[in-house]
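Biologist: I would like to learn how to read helices and loops in a model. Please show me the sequence and the structure, and then take the features in turn.

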Amino acid sequence: MSIIYVSGHRNPDTDAIGAAIGFAELKTALDPDNEYVPVRLGELNPQTRWVLERAKANEPVALPHIRLRAQDLMATEFPVVGEDDPVQGAGLAIDGTDYDLVPVLGEDGVLVGAITIRGLALRYVHEPQTAAESLQAPSRELMQTPETLARPDDLCSEIHDKLRAAEGDTAIVVDESQHPIGLLTRAHLASPAVHRRVILVDHAEEGQSVPGIEQAEIVEILDHHHIGSIETRVPIKAVFDPVGSTSTLVLERFVRNGIEPSRPTATMLLGAILSDTVILNSVTTTDRDEAALEYLGKLLGLDPREFGAEMFESTSDVSGIPAADLVRRDAKPYTSGNGTPFLVAQIEVVGKSVLERKDELLEAMQHERSAQGADLFALMVTDILDKGTELLVAGDVTAAARAFGVEVSNGSSLSLPGVMSRKKQVAPKLLAAL
Ligand SMILES: [Mn+2]
């Protein structure tokens, strides 16, 4: 039974987490000989937390890196002697092993020292007359302080460096209560045939993947993005299938294998597909995403669109964020063709609730405008479901309205249905008009 991690990308979104949880569950059902463990590379965003809670699914464990650790390579079967056991027993225990020492245990099995081949040999060389007697002495009398100690999570590369600088060949791995739990030799470390194993979902870029990925064995890739920079040593199964979310691909594999996802997993997959496709609204959405949602909705007895609306409404809530932060955190400066400096910021929302704070936002925008020395500050409040923007303007709102060929609505804002992109739809118009 060995562990195979199932990992989405760094800065995980709901699809990266949902696909990891789902694919790990499916793989476990198909291949009970291995343990498939979904992992996360970083903190979860509020939306993913919301879905996890709703799904009653377990949060994937964090995987800080996938480099080899002591526990991945160490031998867990090895001889030990008690501190009261005769030295002779220690010598016999080392004989016939690959190790050049034997750990010496005190009471409660705690490591108190080590008898080394080198220590035994020196005794014979320096005191040949009494050497035979000393074989009967308790081990505590000949033991030394262990030269190289390691913890199970220590990197093999670092232990290897320590051993290269040491006299002995063997590191003793101890747990947090100082019990020896493994031995590692230079030979173990020099040619590791062992790699930690991982399945990548929702990404195939080395820079987006778990640190140390170049040392790992990538078992499989399941993704809906472009083919990335990941390299493998051997041929592997890799799928790059352009649907709206990786979780759609995972669900299709459940169905193809005649396996039903558990309720928590089905809910995670549902949330993930809704998230990546913005409730089937994104340009990347396909019929297959829609079919996957329909299947999951039936399985869970709920309306996917209602679930999606609730998910976006609950997690794109900016009501707790002060107006000054909202307008400042994403403001980008521009200078128009006529030399007019202006700022454009954008907040993505679901529903109209943030517009109830319009006066407060405008006040913060006026403040920011003068602080930055800009002539105009435009804040896009973009409803990702409604697919439109209410543009709040601090400065010459009439000039802004002229730029978009619309009327000013409600004093200091413009309604811009269909406008979603600052870069493509808002900044160019203002650059040309101001
Ligand atoms: Mn995705």
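**Reading loops and helices**

Modeller: Leaving aside its neighbours within four places in sequence, Leu302 is in contact with Gly297 and Phe307; two residues are in contact if their C-beta atoms, placed from the backbone, lie within 7 Å. This is a predicted model, where local features need pLDDT of at least 70, side-chain atom pairs count only at pLDDT 80 or more, and totals for chains, interfaces and linings use all residues. Residues are numbered from 1 along each chain as its sequence is written.

Biologist: Where is Leu302 found?

Modeller: Leu302 is in the loop between helix H11 (287–300) and H12. Helices (H or I, at least four residues) and strands (E, at least two) are DSSP runs, numbered from the N terminus.

Biologist: Does Leu302 count as buried, exposed or partly exposed, and how is that decided?

Modeller: A residue is buried if 20 or more other C-beta atoms lie within 10 Å of its own, exposed if 12 or fewer, and partly exposed in between, with C-beta atoms placed from the backbone. Leu302 has 13 C-beta neighbours inside 10 Å, so Leu302 counts as partly exposed. Ile321, in the loop between H12 and helix H13 (323–328), is partly exposed because 13 other C-beta atoms lie within 10 Å.

Biologist: How far apart are Ile321 and Met143 in sequence and in space?

Modeller: They are separated by 178 residues in sequence and, C-alpha to C-alpha, by 63 Å in space.

Biologist: How do I read the sides of a helix?

Modeller: An α-helix has 3.6 residues a turn, so residues three or four places apart point the same way. In helix H16 (residues 422–433), the buried residues are Arg422, Val426 and Leu430. Seen down the axis of H16, they fall within an arc of 50 degrees, so they line one face of the helix; the arc is that of the directions from the helix axis to the C-beta atoms. The face turned away from the buried side of H16 carries the exposed residues Lys423, Lys424 and Ala432.

Biologist: Which elements do the buried residues of H16 pack against?

Modeller: Their partners are strands S13 (332–335), S14 (341–349) and S15 (376–383), together with helix H15 (397–404).

Biologist: Which residues of H2 are buried?

Modeller: In helix H2 (residues 46–55), Gln47, Thr48, Val51, Leu52 and Ala55 are buried. They cover an arc of only 135 degrees around the axis, which puts them on the same side of H2. Pro46 and Glu53 are exposed, on the face of H2 turned away from its buried side. The buried residues of H2 pack against helices H1 (14–30), H10 (263–276) and H12 (304–315). After H2 comes Lys56, with a positive phi near 55 degrees.

Biologist: How do I describe a pair of packed helices?

Modeller: Two packed helices are described by the angle between their axes and the distance between the axes. Axes are lines fitted to C-alpha atoms, for helices over the stretch in contact, and angles run from 0 to 180 degrees between N-to-C directions. H2 and H10 pack at about 150 degrees, with their axes 8 Å apart. H2 and H10 are therefore roughly antiparallel to each other; angles under 35 degrees count as roughly parallel, over 145 as roughly antiparallel, 65 to 115 as roughly perpendicular and the rest as oblique.

Biologist: Which residues of H2 and H10 meet?

Modeller: Gln47, Val51, Arg54 and Ala55 in H2 meet Pro264, Thr267, Met268, Gly271 and Ser275 in H10.

Conventions. The expected span of a helix is 1.5 Å times one less than its number of residues.
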